[in-house]
Amino acid sequence: MNRHLYTLLLHLALPLVAGRLAWRAWRAPAYVKRIGERFSLGLPPLQTGGIWLHAVSVGESIAAAPLIRQLLARYPQLPITITCMTPTGSERIQAMFAGPDFAGRVQHCYLPYDLPWAAARFLDRAQPRLAVVMETELWPNHIHQCARRGIPVALANARLSERSARGYARFAKLTAPMLAELSLIAVQTTAEAERFRSLGARPECVEVTGSIKFDLTIDPALLARAAELREQWDAVRRPVWIAASTHAGEDEIVLAAHRVLLEQWPEALLILVPRHPERFAAVYELCQRQGFATRQRSSGKAVVAGDQVLLGDTMGELLFLYALADLAFVGGSLVGNGGHNLLEPAALGKPVLSGPHLFNFLEIAAQLREAGALLEVADAEGLAHRVDQLWREPAMAQTMREAGQTVMQANQGALARLLDGLGCLLKDKP
């Protein structure tokens with residue numbers, strides 16, 4: 001399948017796209033808003049001649065934040081247009097860059113669907129000097145429209161699992177020309193670099209820069225605020241653990257583990273943070289139905305001694321909620337979603353637990369595992385056992401904390417290497 005056939009099929013699929021959008025709007029009403037932007041209609045006023053950065057949703061937006069701040073510092077004369085695809089990503093972008101320091105310098109809208117006329121209209125409006133796409137959001141028509149205009153496109157913090165590479169290889173006539181139009185592919189590992197080259201990327205454009213997620217810096221004020229809140233809750237000595245970024249099917253496993261823990265640790269508190277906000281209400285109902293005394297973080301009310309679960313149903317607080325806990329389980333890993341960012345709790349000095357499904361973070365998981373900073377579990381029984389063990393053996397927990405932070409420090413520098421690569425593209429662009 002080549003790009004022309006792909007475009008035809010995409011147009012034919014527009015009724016299905018509309019149906020999926022309606023279904024998402026039913027589950028999350030925010031999808032109803034700003035639909036025109038998804039077709040390059042009703043775009044907000046955009047300053048031209050800057051940098052366009054695309055981060056598909058919340059996780060990519062958070063990962064991109066240090067990069068965006070560094071770009072603003074290095075190129076104060078260039079506006080930055082940030083696009084995403086989800087309402088939660090949009091909310092996070094606007095929250096992170098709402099301050100007066102960013103006024104007039106950071107602008108935001110949804111990325112239009114990958115239709116050539118929508119991509120062209122967006123680029124004609126933004127007229128960027130450089131396009132930066134976070135991780136592996138590959139849109140053939142957007143990339144081709146950039147190539148037609150001489151706009152260099154960089155894939156930043158790029159990932160490509162073996163499974164994904166096999167999928168792209170099945171559409172070689174679409175994939176190879178698209179990858180050949182990229183000016184920089186900044187990949188996380190050597191294995192991923194080879195996969196990109198084998199799929200058709202120009203070898204000279206593929207660079208192993210590492211993962212910018214290792215360059216996460218923790219604001220000491222966040223740690224102080226978390227410690228203060230635990231004191232306010234009278235929970236300094238209370239055992240607290242967090243299960244973050246959970247998916248459907250995992251919440252039941254986590255709650256089953258917590259029920260076991262409560263038999264040995266009656267004061268234990270679980271902070272449960274579903275990955276997607278449209279699941280907040282359903283998970284709250286699940287907690288209540290299973291008989292757990294549950295407090296919603298969005299209520300703004302303090303946790304009290306009788307609370308057994310704190311539902312993290314707010315946006316933009318995950319790092320803070322990690323900081324509140326003694327140890328962290330990272331979700332998307334007990335079900336086949338491939339896991340989520342293991343480095344955020346490691347950077348905060350938390351022992352890290354996960355399930356076995358980590359194909360989105362194989363290299364990072366391997367480093368943490370080999371250093372002794374990550375423990376993997378398969379079910380509720382194993383999860384409860386490991387949490388109990390870490391509470392009973394403070395020396396083991398401390399060893400894991402130190403190991404995680406050692407891995408973080410040893411792998412830093414990817415952000416600087418990525419910025420150097422982007423700087424070369426900007427120098428080459430008049």
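Helices (H or I, at least four residues) and strands (E, at least two) are DSSP runs, numbered from the N terminus.

This is a predicted model: local features need pLDDT of at least 70, side-chain atom pairs count only at pLDDT 80 or more, and totals for chains, interfaces and linings use all residues. Residues are numbered from 1 along each chain as its sequence is written, and side-chain values use heavy atoms, with hydrogens and water left out.

Which residues of H10 are buried? They are Leu222, Ala226, Leu229 and Arg230. Buried means under 20% relative accessible area, exposed over 50%, and partly exposed in between (1.4 Å probe, protein chains only). Seen down the axis of H10, the buried residues fall within an arc of 100°, so they line one face of the helix. That arc is taken from the directions from the helix axis to the C-beta atoms. The face turned away from the buried side carries the exposed residues Pro220, Glu231 and Gln232. The cover over the buried residues of H10 includes strand E8 (240-246) and helix H13 (318-324). Such cover rests on contact, meaning heavy atoms within 4.5 Å.

Now look at the ends of H10. At its start, a side-chain oxygen of Asp219 comes within 3.0 Å of the backbone nitrogen of Ala221. Just after the helix, Asp234 takes a positive phi of about 55°.

Arg230 also has a charged partner. Its side chain meets that of Asp326 in a salt bridge (2.8 Å, N to O). The pair links distant parts of the chain: Asp326 sits in the loop between H13 and strand E12 (327-330), Arg230 in helix H10, 96 residues apart. A salt bridge is a side-chain nitrogen of Lys or Arg within 4 Å of a carboxyl oxygen of Asp or Glu. Arg230 counts as buried, at 9% relative accessibility.

Arg238 lies in the loop between H10 and E8. Arg238 is buried yet has no salt bridge; the nearest side chain of opposite charge, Glu267, is 5.8 Å away. For charge, Lys and Arg count as positive and Asp and Glu as negative, while His and the chain ends are not counted. What does the side chain of Arg238 reach? It reaches the backbone oxygen of Ala305 at 3.4 Å. Leaving aside neighbours within four places in sequence, Arg238 is in contact with residues including Arg230, Glu267, Ala305 and Asp326.

The structure holds 13 salt bridges. One joins Arg297 and Glu317 (2.9 Å, N to O). Arg297 lies in the loop between strand E10 (294-296) and strand E11 (309-311), and Glu317 in the loop between E11 and H13, so the pair ties together parts 20 residues apart in sequence. Glu317 counts as buried, at 16% relative accessibility. Salt bridges that share partners also join Glu135, Arg159 and Lys213 into one network.

Seven of its nine residues are buried, so H6 is largely enclosed by the rest of the structure. Among them are His142, Ile143 and Cys146. The cover over its buried residues includes helix H1 (3-12), strand E1 (51-54) and helix H5 (116-126). Gly150 follows H6, with a positive phi near 75°.

How values were computed:
A polar contact is a pair of N or O atoms within 3.5 Å; within protein, one must be able to donate a hydrogen and the other to accept it, and residues adjacent in sequence count only if both atoms are side-chain atoms.
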